[in-house]
Amino acid sequence: MKLGLVIDLDVCVGCHACAVACKQWNTSGTTGALSDYEPYGKEPSGVWFNRVRNFEVGDYPNNKTINFPMSCMHCEDAACVTVCPTGASYKREEDGVVLVDQDKCMGCNYCSWACPYGARELDKVSGTMKKCTLCIDRIYDQELEPIDRQPSCVITCPSHARHFGDFEDPNSNVSTLVRERGGRTLMPELGYNPTNKYLPPRVARPVPTDDVKIDLVSKVKNWVNKAISK
């Protein structure tokens, strides 16, 4: 079994609901609490497992804003696990989820420096490294209904841009999406083999130029005049 996420960049609206839901759930989760630093000060900050970047692609008038959620990729060959001197960072054999043992972590930052995705954050209060757990305490909770055994970010997403499943199952929802939509990994050239995949934005239709708009307006006016004259 290889659990992970598929994120559809075509429908993500950048609302940050996934980040907020992640923060709320994991504050009381396996690696909680997630500290905040001067939340009401001039430079508020804190520990977040999920962050949303924004990029502008294309040239006006055919440009488009891409909202790009980033969290731990749960790589198959995770560099963060390799460099950890205490064995605090480890990858579960049963489902491929990468976790941090808070009792072993000494906050040396080696794993953070090794991660090319910026997915790890040092909690200054606890002095330990924290990251996305794929809501490990939620997806295996037998007290929850099956539909609720998903990461909080997936359940919360209002545009259904996030999907969770088993990539080793060719018939799972995530495998099907990757196959049908050409799902891609982030920076595959590094060789870490990220589990999470991204669905690329669809090609947008060209926006009509001013000349085309004027021509369309003229046609509409002529049609209206003909309709009135009748």
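User: Is His16 buried, partly exposed or exposed?
Analyst: His16 is partly exposed, with a relative accessible area of 33%. Buried means under 20% relative accessible area, exposed means over 50%, and partly exposed is in between, using a 1.4 Å probe and protein chains only. Before going on: this is a predicted model, where local features need pLDDT of at least 70 and side-chain atom pairs count only at pLDDT 80 or more, while totals for chains, interfaces and linings use all residues. Residues are numbered from 1 along each chain as its sequence is written, and side-chain values use heavy atoms, with hydrogens and water left out.

User: Where is His16, and what is its phi?
Analyst: His16 sits in the loop between strand 1 and helix 1. Its phi is positive, about 70°, although His16 is not a glycine. Helices (H or I, at least four residues) and strands (E, at least two) are DSSP runs numbered from the N terminus.

User: What about His160?
Analyst: His160 also is a residue other than glycine with a positive phi, near 55°. His160 is in the loop between helix 5 (152-156) and strand 10, and at 59% relative accessibility it counts as exposed.

User: Which peptide bond is cis?
Analyst: The bond from Gly32 to Ala33 is cis, with omega near 0°. Ala33 is in the loop between helix 1 (17-27) and strand 2 (36-37).

User: Switching to strand 1. How many of its residues are buried?
Analyst: Six of the six residues in strand 1 (residues 3-8) are buried, and the strand is mostly covered.

User: Which residues point which way?
Analyst: Leu3, Leu5 and Ile7 point one way from strand 1, while Gly4, Val6 and Asp8 point the other way. In a regular strand the side chains alternate between the two faces of the sheet.

User: Which strands does strand 1 pair with, and is each pairing parallel or antiparallel?
Analyst: Strand 10 (residues 162-166) pairs with strand 1 in the antiparallel sense, over five bridges. Strand 11 (residues 197-199) runs parallel to strand 1 and is joined to it by three bridges. Two strands count as paired if DSSP finds at least two bridges between them.

User: Now salt bridges. How many are there?
Analyst: The count comes to eight. A salt bridge here is a side-chain nitrogen of Lys or Arg within 4 Å of a carboxyl oxygen of Asp or Glu.

User: What does Asp8 do?
Analyst: Asp8 forms a salt bridge with Arg181, the closest N and O atoms being 3.1 Å apart. Asp8 lies in strand 1 and Arg181 in helix 6, so the pair ties together parts that are 173 residues apart in sequence. Asp8 is buried, with a relative accessible area of 7%.

User: Which residue does Lys2 bridge to?
Analyst: Lys2 forms a salt bridge with Glu76, with the closest N and O atoms 2.8 Å apart. This pair links distant parts of the chain, 74 residues apart: Lys2 is in the segment before strand 1, and Glu76 is in the loop between strand 5 (64-70) and helix 2 (79-83). Glu76 counts as partly exposed at 40% relative accessibility.

User: And Lys64, what is its partner?
Analyst: Asp10 is the partner of Lys64, and their closest N and O atoms are 3.1 Å apart. Lys64 is in strand 5 and Asp10 in the loop between strand 1 and helix 1, 54 residues apart.

User: Which residues are linked in a network of salt bridges?
Analyst: Arg92, Glu94 and Asp95 are linked in one.

User: Last one, Ser175. Where is it, and what does its side chain reach?
Analyst: Ser175 lies in helix 6 (residues 173-181) and is buried, at 9% relative accessible area. Its side chain reaches the backbone oxygen of Phe167 at 3.3 Å. A polar contact is a pair of N or O atoms within 3.5 Å; within protein, one must be able to donate a hydrogen and the other to accept it, and residues adjacent in sequence count only if both atoms are side-chain atoms. Leaving aside neighbours within four places in sequence, Ser175 is in contact (heavy atoms within 4.5 Å) with Asp166, Phe167, Asp169 and Pro170.
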